[in-house]
Amino acid sequence: METKRERVRAMFGRVAGRYDYLNSILSMGLHHGWRRFSVRECRFPPGGRALDVAVGTGDFAIEMVAPGGEAVGVDPCEPMLQEGLKKLARLGLDRRIRLVLGEAEALPVPSNHFDCATIGFALRNVTDIDLTFAEMARAVRPGGRVVALEIAKPRIALLRWGFFLYFYHVSPWVARLFGGDPQAYHYLPNSLKEFKTREELAASMQRAGLEDVHYHDLSGGMVCVHVGSKPVQG
């Protein structure tokens, strides 16, 4: 039987060529602002080293190193990485951002190496959230930050109703209209149904050994940014 990891990898491989285009359409362009907010929460130092987990086509890493520095992006889906490499070459960032094939639960990177680690809209796709956060915490230096940007359920009832209507019914239809993979854009909304709450994600970060864990709701709670810091030893 096909595992979740295999299903997710195959699904993103099918949508890789149109992933950026559909992201902008389905989020109505809001994902740019969400990502910029998340990057500010990283407190990435000039000339620093960033890690992006489930990097996809590289948008988070690109945003991170725009002022300077370098990044490593890890993703299990080779077609997504190929799209990312083309984008990096167009932007002249292929020497500052390195893309690596690998899983979030076993990151192929050294420990205590990065100033920050990010993951965007991918926690719903990993097989073990606790292990993913533990790996991200391992990879950052003491004092470094781990930042997760993810879809969330709005707290206000009216907003939640409108969000669910769009997320579960309108967005798969829009994705299909613009050439998206119907199976993929039904999986993505449905993956939120049993997903962890804000408080559960914060607890998962704490179990990974992170401190000062907190989160920020954006766009009325449609997305949430979780932040934690690796303790400074000694």
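Q206 lies in helix α9, where helices (H or I, at least four residues) and strands (E, at least two) are DSSP runs, numbered from the N terminus. With a relative accessible area of 48%, Q206 is partly exposed; buried means under 20% relative accessible area, exposed over 50%, and partly exposed in between, with a 1.4 Å probe and protein chains only. The C-alpha atoms of Q206 and S229 are separated by 9.6 Å, and the two residues stand 23 residues apart along the chain.

Before I go on, a word on the basis of these values. This is a predicted model, in which local features need pLDDT of at least 70 and side-chain atom pairs count only at pLDDT 80 or more, while totals for chains, interfaces and linings use all residues. Residues are numbered from 1 along each chain as its sequence is written, and side-chain values use heavy atoms, with hydrogens and water left out.

Rolling a probe the size of a water molecule over the atoms shows where empty space is left. On a 1 Å grid over the protein atoms alone, a cavity is a set of points where a 1.4 Å probe fits but cannot get out, whereas a pocket is an open set with protein on both sides within 12 Å along at least five of seven lines; lining residues have an atom within 4 Å of a point. The second largest pocket holds about 180 Å³ of space, the volume being the space filled by probe spheres set on the points, with grid points joined across faces, edges and corners. Which elements give two or more residues to its lining? They are β5 (140–151), α9 (198–207) and β7 (223–229). Helix α9 provides the largest share, 3 residues. In total, 14 residues line this pocket, and A152, K153, K196, T197 and R198 lie nearest its centre. By class, the lining has 6 nonpolar, 2 polar and 6 charged residues. Here Ala, Val, Leu, Ile, Met, Phe, Trp, Tyr, Cys and Pro count as nonpolar, Asp, Glu, Lys and Arg as charged, and the others, Gly among them, as polar.

Side chains of opposite charge can pair when their charged atoms come close. A salt bridge is a side-chain nitrogen of Lys or Arg within 4 Å of a carboxyl oxygen of Asp or Glu, and a search of the whole structure finds 9 of them.

Which residue forms a salt bridge with R198? The partner is D217, with the closest N and O atoms 2.8 Å apart. This pair links distant parts of the chain, for D217 is in strand β6 (residues 211–218) and R198 in helix α9, 19 residues apart. R198 is buried, with a relative accessible area of 10%, whereas D217, at 34%, is partly exposed.

Helix α9 takes part in another such pair. The side chains of D130 and R207 meet in a salt bridge at 3.0 Å, N to O. D130 belongs to helix α6 (residues 129–139) and R207 to helix α9, 77 residues apart, and the pair links distant parts of the chain. D130 counts as partly exposed because its relative accessibility is 29%; R207 counts as exposed because its value is 53%.

R145 forms a salt bridge with E41, their closest N and O atoms being 3.6 Å apart. R145 lies in strand β5 and E41 in helix α3 (residues 31–42), 104 residues apart. Are these two residues buried or exposed? R145 is buried, and so is E41.

I turn next to the surface. I156, L158, L159 and W161 make a nonpolar surface patch of about 490 Å². Patches are made of residues with over 30% relative accessible area and no salt bridge, with like charges joined within 9 Å and nonpolar side chains (Val, Leu, Ile, Met, Phe, Trp, Tyr) within 5 Å. Accessible areas come from the Shrake-Rupley method with a 1.4 Å probe, and for residues only the protein chains shown count as cover. L158 lies in helix α7 (residues 157–177) and counts as exposed because its relative accessibility is 68%.

I close with the backbone. N112 has a positive phi of about 55 degrees although it is not a glycine. N112 sits in the loop between β3 (97–101) and β4 (114–120), and at 44% relative accessibility N112 counts as partly exposed. F121, also a residue other than glycine, has a positive phi near 55 degrees, and F121 lies in the loop between β4 and α6.
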